[in-house]
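Visitor: Could you walk me through this one? I'd like to hear what holds its parts together.

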Amino acid sequence: MNSSIRREIFTRFRAANPHPTTELEYNSPFELLVAVALSAQATDKSVNLATRKLFPKANTPEAILAMGEEALREYIKSIGLYKTKARNILATCRILIEQYGGKVPETREQLEKLPGVGRKTANVLLNTAFGQPTIAVDTHIFRVANRTGIARGKNVLEVESKLLKCVPKEFRQDAHHWLILHGRYICVARKPKCAICLINDLCEYESKNFEDTPR
């Protein structure tokens, strides 16, 4: 795929959704950190249902740490791997209080040292909470990048590296959100909804699906 086609793809994404953002609900970097930690192997919808109850009760490292593991579990038990996530969140709260004055750090190195925080989670925080032009590659973005031809790679790091190089600078800040939303609702795994895709004439996918009636 050449650069002019990539530019046109992101131009269309921007025209359709000028101000994309995460579907996770949050009001602070710490709330986003907790929400992203909970979202591993879970849907944003299920996380939002849990945090709508949790955050009004406790939405700071101090408050969640004071709550304790058993109480935290009760709020997030509807989410997969909730026991491990509860332990990681409490350990993270302790580190934030002891090392960062209760604030979420703003560097990748510091973020990735927090329990349960990997590169993808760090990228989400850096991009969405702190306005850095990073691209967090999840399963949706990995699929869309490879399927469309925007940035093909054998693993998430390769795709991330290629996206950071090939996405025009003016679109880099929002590229993560456009791609994930496109993968979540249009370029879905089993039967992509090519008939209603706004880049179906630019996409390089060889097995486009125009047969299903759009819902």
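Visitor: Which residue meets Arg 7 in a salt bridge?

Guide: A salt bridge here is a side-chain nitrogen of Lys or Arg within 4 Å of a carboxyl oxygen of Asp or Glu. For Arg 7 the N to O distance comes out at 2.4 Å, and the partner is Glu 170. Keep in mind that this is a predicted model, where local features need pLDDT of at least 70, side-chain atom pairs count only at pLDDT 80 or more, and totals for chains, interfaces and linings use all residues. Residues are numbered from 1 along each chain as its sequence is written, and side-chain values use heavy atoms, with hydrogens and water left out. So, back to the name you wanted: Glu 170.

Visitor: How far apart in sequence are the parts that this pair ties together?

Guide: Helices are DSSP runs (H or I, at least four residues), numbered from the N terminus. Arg 7 sits in α1 (residues 3–16) and Glu 170 in α11, so the pair links parts separated by 163 residues.

Visitor: How many salt bridges cross the interface of domain 1 and domain 2?

Guide: An automatic or database assignment sets the bounds: domain 1 is 3–19 + 135–202, and domain 2 is 29–130. The whole structure has 14 salt bridges. Glu 160 pairs with Arg 119, their closest N and O atoms 2.8 Å apart. Across the interface of the two domains, the number is two.

Visitor: Which helix gives the largest share of the side of domain 1 that touches domain 2?

Guide: Contact means heavy atoms within 4.5 Å, and by that rule eleven residues of domain 1 and eight of domain 2 take part. On the domain 1 side, α10 (156–166) and α11 (169–185) each supply at least two residues. With five residues, the largest share belongs to α11.

Visitor: How much area is buried between domain 1 and domain 2?

Guide: Buried area is the accessible area (1.4 Å probe) that two parts lose on being put together, summed over both. In domain 1, Ala 136, Glu 160 and Gln 173 lose the most, together 44% of what that side buries. Carbon and sulfur atoms give 41% of the total, which is about 700 Å².

Visitor: What feature does UniProt place at residues 109–128?

Guide: The span is 70% helix and 0% strand (strands being E runs of at least two residues), and its end C-alpha atoms lie 17 Å apart. UniProt annotations may be inferred rather than shown by experiment. From an unreviewed entry, the record's label is "domain: Helix-hairpin-helix DNA-binding motif class".
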